[in-house]
Amino acid sequence: MMKKKLNNYGGSSSSSRTRETTSSIHTREEEKSEWEMRPGGMLVQKRTGTPDTPVALRLRIAYGALRYDIYVSSMATFGEVKKVMSDETGLKVEEQRVIYRGKERENGEYLDVCGVKDRSKLVLIQDASSIERRYIQMRINAKIKTANRSINNVSLELDQLTDQVSAIEKSISNGVKVPEVQIITLIEMLMRQAIKLESISAEGDAASQKILQGKRVQKCVETLDLLKTSNATIKPVVVTTKWESF
């Protein structure tokens, strides 16, 4: 007959493992029960027992050299404090770090559970990574602004040159010969604008505008090449001052 092996305490090893597994499950369930999900999607501490009647707290927030007094419910979370401070400082919630009693507090932690009282002092710090992201975004915005300004300047120059192309085209279509140097000079001026466009570093909408202006230059140059050929076939009008005798 096979005997069941006992552990040092007289119990079976399988029973011991069962108790350990059960204990582990209970521990995980207790950890999960410490937090709950609010309808807005914020994970917060789960309250135990009957909560006290909420009261308005006046909190003093230190943000660098600035000081703010805000009013929130005693049952609010630190995440809700950050939302109030977003209106005051312009910082997004994810860009803020709130320190209370020397410890950074999570968004889902309740004020009263952490011991926050009326006139308690909190320290607000801007997250270091958000500062870097803002700096990078400022540089990107400045680059976009510079590109748009440069492209707009080229566009204004092209407006004037396009008018000149139209004037030459009208003259030639009416059979009026245009000095060839005028056409050549106009082509050179258009090519200078093309070089300016090429030197502009642009992305997004600015890149689209850059391409659009480049097509304008190309169209004007092609038109002038055709007009130069047509202009060469026009015979100049000879004006004479000799009067016929009667």
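Predicted model: local features only at pLDDT ≥ 70, side-chain atom pairs only at ≥ 80, totals over all residues.
**Entry 1: α4 against α5**

I started with helix α4, residues 180–199, and helix α5, residues 205–232. Their axes sit 10 Å apart, at an angle of about 165 degrees. Angles over 145 degrees count as roughly antiparallel, so that is what α4 is relative to α5. I also looked up the hand of the crossing of α4 and α5, and it is left-handed.

On the α4 side I found Glu180, Ile183, Leu186, Ile187, Leu190, Met191, Gln193, Ala194, Leu197 and Glu198. Across from them, α5 puts in residues including Lys210, Gly214, Val217, Cys220, Val221, Leu224 and Asn231. Sorted by class, the α4 contact with α5 comes out as twelve nonpolar, four polar and five charged residues.

**Entry 2: α3 against α5**

Then I turned to α3 and α5. These axes come within 10 Å and cross at roughly 20 degrees. The cut-off for roughly parallel is under 35 degrees, so α3 runs roughly parallel to α5. The crossing of α3 past α5 is left-handed.

From α3, the contact list includes Ala147, Ile151, Leu158, Val165, Ile168 and Ile172. From α5, I noted Ala206, Arg216, Val217, Cys220, Leu224 and Leu227 among the partners. The class tally for α3 with α5 is eleven nonpolar, eight polar and four charged.

**Entry 3: the cores**

Which residues touch the most other members of the largest nonpolar core? I got Ile168, Ile172, Ile183, Leu190 and Leu224, out of 22 residues in that core. Helices α3 (128–173), α4 and α5 each supply at least two residues of it, and α3 gives the largest share, with eight.

**Entry 4: Ser173**

Last stop was Ser173, which belongs to helix α3. Is Ser173 buried or exposed? Its relative accessible area is 57%, and the cut-off for exposed is over 50%, so I put Ser173 down as exposed. I also checked Ser173 against Leu227, which is 54 residues away along the chain. Their C-alpha atoms are separated by 9.1 Å. Leu227 is also on the α5 side of the contact with α3.

How values were computed
Residues numbered from 1 in each chain as written. Heavy atoms only, no water. Axes fitted to C-alpha atoms, helices over the stretch in contact; angles between N-to-C directions. Helix = DSSP H or I, 4+ residues; strand = E, 2+ residues; numbered from the N terminus. Parallel < 35°, antiparallel > 145°, perpendicular 65-115°, else oblique. Left-handed = near helix turned anticlockwise from the far one by under 90°. Contact = heavy atoms within 4.5 Å. Nonpolar A, V, L, I, M, F, W, Y, C, P; charged D, E, K, R; others polar. Core = buried A, V, L, I, M, F, W, Y, C linked by side-chain atoms within 4.5 Å. Buried < 20%, exposed > 50% of the residue type's maximum accessible area, 1.4 Å probe, protein only.
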